[in-house]
Amino acid sequence: MRPLVRTAALSGYVELCRSLGIDPQSLMQRVGLDTAALAVQDRWISGAAAVQVLELSAAASGHEDFGVLMAEFRRFSNLGPVSLVVREEPDVRSALGLLIRHQHMYNEVLHARLSEDDGLATLKVDLRLGETMETRQATELAVAAFHRILRGFLHPRWQPLSVWFRHPGPADAATHRRAFGPTVEFGREFDGIVFYADDLDAPNATADPLLREYARRYFEAIAVPKDTTVADRVRELIEVLLPSGRCSIEQVARSLGVDRRTVHRHLASSGETFSSLLNATRMHLAEQFVANPRRTLTEISDLLGFSSLSAFSRWFREQFGCSPRSWRTDRSRQQHPGQD
């Protein structure tokens, strides 16, 4: 099944389109949507269609910053029922944890994750649509929305250490600098926000402990559990283990606390194998890494767990039909037409 998003994901879309002089209804119709559906925040629509209409709108308006501009219309209420609990969480850490844990309740495309290391917190944002398409505007909208949430808890002028995007920068980054500050960078390794881990412990001054209990009980009564399958967990472990050179079915099974036959059995029941998941994960990461000119092909080979650059190159050609160097050159031409 294709992932869905709540119509609230397009909150402010009609208003922004009109302010930029483009027709929201005609653009939405091109992807099979209707502006009338946006009147009800809790309706579910195609995630792919929502992503596509943002790209079409950016092109029609001539605004590469369309997604960032849309984030300015974001409110806590756009998150749906989970917003009632988030407002009452005691600190930033628990609020973000709740949003990430229940992100499937408001956006099935969004896959955000929070990690901490050496005093830094990294919030990574990934969009998973099950098909290849341009996601620049939706990605910037998601990152900007999280940025606004963090500012809402911390301080209206709070600045992270950096805001990163994998895609190239716009011709004019003024809107991005206004929204994120001077530390926004493009062409980096991931999409997301890096800040001091201490910020996660900042208390929520507006939280009411008694109201929090009421909100939690209400939310738990309506919360839809997310079934994390064995295949999902194996994918996550593969991504973590690949750079170590220890990504094997045995190591994954050990991490899961089972034997390899149990892993094979669970994957088979979902129509997958360890090899198919390993290959799919490598392909997903390879597209990100090779597109980034800052990474050498040797580094990418190591990150993907290959024993040598030649082994990586052979695998890449089998999967993508060309060498990684040629793929990188073609991608650069697509992103920067007319610069040959």
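How accessible is Glu250: buried, partly exposed or exposed? Glu250 is partly exposed, because its relative accessible area is 34%, where buried means under 20%, exposed over 50% and partly exposed in between (1.4 Å probe, protein chains only).

## Basis of the report

The structure is a predicted model, in which local features need pLDDT of at least 70 and side-chain atom pairs count only at pLDDT 80 or more, while totals for chains, interfaces and linings use all residues. Residues are numbered from 1 along each chain as its sequence is written, and side-chain values use heavy atoms, with hydrogens and water left out.

## The open sheet

Five strands make an open sheet with mixed pairing, in the order S3-S4-S7-S5-S6. The edges are taken by strand S3 (110-117) and strand S6 (184-186); each has a single partner strand, so one side of each is left without a neighbour in the sheet. From one strand to the next, the twist averages 15 degrees. Strands here are DSSP runs (E, at least two residues), as are helices (H or I, at least four), and both are numbered from the N terminus. Two strands pair if DSSP finds at least two bridges between them.

Helix H6 (residues 92-101) lies across S3, S4 and S7 and runs at about 145 degrees to S3. Such angles run from 0 to 180 degrees between N-to-C directions, with axes fitted as lines to C-alpha atoms, for helices over the stretch in contact; contact means heavy atoms within 4.5 Å.

## Strand S4 and its partners

S3 and S4 are antiparallel and pair over eight bridges.

Leu123 has Ile193 as its bridge partner in S7, and Leu120 stands opposite Tyr196 in S7. Six of the eight residues of S4 are buried, so the strand is largely enclosed by the rest of the structure.

## A nonpolar patch and a buried loop residue

Leu120, Leu161 and Tyr196 make a nonpolar surface patch of about 250 Å². Patches consist of residues with over 30% relative accessible area and no salt bridge; like charges are joined within 9 Å, and nonpolar side chains (Val, Leu, Ile, Met, Phe, Trp, Tyr) within 5 Å. Accessible areas come from the Shrake-Rupley method with a 1.4 Å probe, and for residues only the protein chains shown count as cover. Leu161 is located in the loop between helix H7 (136-153) and strand S5 (162-165). Leu161 counts as partly exposed because its relative accessibility is 32%.

Met105 belongs to the loop between H6 and S3. With a relative accessible area of 14%, Met105 is buried. The C-alpha atoms of Met105 and Pro81 are separated by 8.7 Å, although the two residues are 24 residues apart along the chain.

## Salt bridges

Side chains of opposite charge can pair when their charged atoms come close. A salt bridge is a side-chain nitrogen of Lys or Arg within 4 Å of a carboxyl oxygen of Asp or Glu, and the structure holds 11 of them. Arg93, Glu116 and Asp201 are linked in a network of salt bridges.

The side chains of Glu185 and Arg188 form a salt bridge (2.3 Å, N to O); Glu185 is partly exposed, at a relative accessible area of 28%. Another salt bridge joins the side chains of Glu272 and Arg235 (3.6 Å, N to O). Glu272 lies in the loop between helix H12 (260-269) and helix H13 (274-291), and Arg235 in helix H10 (residues 230-241), so this pair ties together parts that are 37 residues apart in sequence. Glu272 is partly exposed at 23% relative accessibility, and Arg235 is partly exposed with a relative accessible area of 31%.

Glu250 and Arg260 also meet through their side chains in a salt bridge (2.3 Å, N to O). This pair links distant parts of the chain, with Glu250 in helix H11 (residues 249-256) and Arg260 in helix H12, 10 residues apart. Arg260 counts as partly exposed, at 39% relative accessibility.
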